[in-house]
Amino acid sequence: MGITSGDYDGDGRLDLFVTNFSHDHDTLYHNEGQHMFIDVSYPAGVGNPSFLMLGWGAAFLDLDLDGWEDLFVAHGHVYPQVDGAGLGTEFRQRNSVFRNARTGTFELFDERAGPGLALLKSSRAIAPVDLEGDGDVDLLVTNLNDSPDLLRNDGAAGNWLQVRLEGTSSNRDGIGARVTLTAGERVQIREIRRNSLYAASTLPIAYFGLGDAAAIDLLEVRWPSGRTSTERRVEPNRLITLREPD
């Protein structure tokens, strides 16, 4: 149904998360390097909670700005008649937040994620965006035969940085560029994309949570043209625009 990528365990390689039909768990593929991926859904804690759910849009997002990417997954069945059929699943379902435990595993955070995660609808697409400019990522969620939901993020407390690119030789928005951020011992990577979400596009912005880090030591961009650019000692808690060097 949906697919997203992110370096959830901080090893410098992008992992994959794929949503699936009900009675078939969502799948987390860990990137082992050398084009090898392994299914770690159950050891990582996302397999069992997702087995009866029908997943759609999904995204790796640092929702609490602690420097580790969490997971948000939209759920909802396609058949209203599953209600009362004794299959253990329902047409209207709760969306899920999986909080990164920083150990290569996730914990289901639904019960503590506020009233926005208590809604029961048949959700489809998600669109992350920082609507208030306060650094944390809010979410627009679309629903089948229902109004969309705008979920405001009020639970983030860490420092942050948002990076927008301006290509010259590369495309204007830097689509396909990889942004690497180093703050202390933590190294994070993001790719600038528009179309990695189910039935939705996203702004071409790289969102980083920094936790307690007060400064970014190094910010490196690998542009689609093959060029690289670097910035050092970048101040946090702002949106910056980096232009591709001529």
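## Ser170

Ser170 counts as buried because its relative accessibility is 9%, where buried means under 20% relative accessible area with a 1.4 Å probe, protein chains only. You'll find Ser170 in the loop between E12 and E13; strands like these (E, at least two residues) are DSSP runs numbered from the N terminus.

Leaving out residues up to four places away in sequence, Ser170 touches Trp223, Pro224, Ser225 and Glu244, a contact being heavy atoms within 4.5 Å. A polar atom of the Ser170 side chain also sits 3.0 Å from the backbone nitrogen of Ser225.

## About the model

This is a predicted model, with local features needing pLDDT of at least 70 and side-chain atom pairs counting only at pLDDT 80 or more, while totals for chains, interfaces and linings use all residues. Numbering runs from 1 along each chain as its sequence is written, and side-chain values use heavy atoms, with hydrogens and water left out.

Nonpolar side chains tend to be buried together in soluble globular proteins.

Beyond its sequence neighbours up to four places away, Leu161 touches residues including Leu181, Phe208, Leu219 and Ile240.

Definitions and conventions:
Helix = DSSP H or I, 4+ residues; strand = E, 2+ residues; numbered from the N terminus. Buried < 20%, exposed > 50% of the residue type's maximum accessible area, 1.4 Å probe, protein only. Polar contact = N/O pair within 3.5 Å; in protein donor to acceptor, adjacent residues only side chain to side chain.
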